[in-house]
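Student: I have not looked at this structure before, and I would like to learn how to read a few of its features. Could we go through them one by one?

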Amino acid sequence: MAVLKLDISKSGVTLTPAMKSRASEALSLLYSKQGAGNDFLGWVHLPSSITAEEIARIEATAQHLRACAEVIVCIGIGGSYLGARAVAEAMSDSFAFLQGNKGPKVVFAGQNLSEDYTYELLDAVREKSLAAIVISKSGTTTEPAVAFRIIKAEIEKRYGKQGAAERIVAITDRARGALKTLATNEGYPTFVIPDDVGGRFSVLTPVGLLPLAAAGVDIASLVRGAQEMEKDTDESVPFDENLSAQYAAVRYALYESGKKIEILGSYEPKLQYINEWWKQLYGESEGKDGKGLFPASVTLTADLHSMGQYVQEGERTMFETILSVASSKHEVRIEPDAENLDGLNYLAGKRLSEVNRMAELGVQLAHVDGGVPNIRVEMPAIDEHSLGALLYFFEKACGISGYLLGVNPFNQPGVEAYKKNMFALLEKPGYEAESKAIKARLK
Ligand code: PA5
């Protein structure tokens, strides 16, 4: 039985045979490698190609880092950050920050240029032993490079160059880029990001697996979940059983019918960073050539008291995809109260998960009635196995979606525009002409 369930019965879409065969053809392109961006399809067979030896090497490196540091700073941005953060947050205790010494902590840097964030990170780790994982496929991205320069200096100040080489691991291209050169010169252990796997499809490479193993996540189980989903969404699986093809087809049909925004929502706050990972995956893959659904997200029920009004009655240009979790890890029941001043005795004896479920079902129907079609993706629980399946499910659907839309889902040319302006403003060598021009515009 498939790990995930997909319910499209409230999407308002009836998939025509033509639409089904278009989605199946788009899926086949991922296997025949005849579509755009075909040199970035390494993620398609990635789960099944991960060997026990690779997992063992990643786990051994993670154990080493955990043994020598109370805090492991994981440095990266975009696809070199969000997957690890998403699974780490989903698997962590929501109140870990209040709990004393429960083993090494993984924290994240390099995904912003905030001075205060960086100062506060350095301040927080002043009394703690330190290690770092630095991740950049290109090896030249400014945000992680700046953060790494600062963290590297801190580690070297404390442990010397030799000590730093025992506490820093680099994950980058096999041969190119400043990070590769630096890692080779400094003697850091390295892991390779395969050439044919782009950043936002790299969570199941060492990019995601090493930080997650360092955070204590069971990466073998994560990979097993992804392997199952790889099989379940293979091109040989007929459309009516292929969840990724179905999800891609329905969201594309909704886009064609005039919906411009897809909101991913969940009733579990731990999945908030899964939303962020998903937004990057779909936003960078589809948003080009003047096309693409805008990926937005909500965390419920919190956002029913902020975005809920708009979703119910605002512009009718959106649909929702709800990540539903079938069972909670823990049990909390609502107790009866003799005075019943809050009027909640009608809930006495019920588990909180039941109340949450009724909220979810009630909201689903209210939004559908309000003109917001609904897709539901159900995972059995928040555990490594389900998360692995979920990540691969979305990746596969994203590849299919991009091809349905007629874009290259595996490039991100639009990301360069801001970099050019920033380098010109910072007077990076080579940007002299741009520098003059941009400064004139800012006067
Ligand atoms: O999906 C992508 O390719 C991007 O989001 C990259 O992951 C991001 O720009 C970071 O790039 P790099 O790993 O080269 O530092």
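Student: Which residues does Glu360 touch, not counting residues up to four places away in sequence?

Tutor: Please keep in mind that this is a predicted model. Glu360 lies in helix H13, which covers residues 352-369, and beyond its sequence neighbours up to four places away it touches Tyr267, Ile322, Ser324 and Arg376.

Student: Where is the nearest side chain of opposite charge to Glu360?

Tutor: A salt bridge calls for a side-chain nitrogen of Lys or Arg within 4 Å of a carboxyl oxygen of Asp or Glu. For Glu360 the nearest side chain of opposite charge is that of Arg376, 4.1 Å away, so the buried Glu360 has no salt bridge.

Student: How should I read the backbone angles, and what is phi at Asp289?

Tutor: Most residues other than glycine have a negative phi, and most peptide bonds are trans. Asp289, in the loop between helix H11 (272-286) and S8, has a positive phi near 55 degrees, and this residue is exposed, with a relative accessible area of 60%.

Student: Which residues does a cis peptide bond join?

Tutor: The cis bond joins Leu300 and Thr301, with omega at about 10 degrees, and Thr301 sits in the loop between strand S8 (294-299) and helix H12 (308-313).

Student: Which residues of helix H15 are buried, and what do they pack against?

Tutor: In H15, residues 416-425, the buried ones are Lys419, Met422, Phe423 and Ala424, and they pack against helix H6 (142-167) and helix H16 (432-442). Just after H15 comes Glu427, with a positive phi of about 55 degrees; Glu427 is exposed, at a relative accessible area of 52%.

Methods:
Residues numbered from 1 in each chain as written. Predicted model: local features only at pLDDT ≥ 70, side-chain atom pairs only at ≥ 80, totals over all residues. Heavy atoms only, no water. Helix = DSSP H or I, 4+ residues; strand = E, 2+ residues; numbered from the N terminus. Buried < 20%, exposed > 50% of the residue type's maximum accessible area, 1.4 Å probe, protein only. Lys, Arg positive; Asp, Glu negative; His and termini not counted. Contact = heavy atoms within 4.5 Å.
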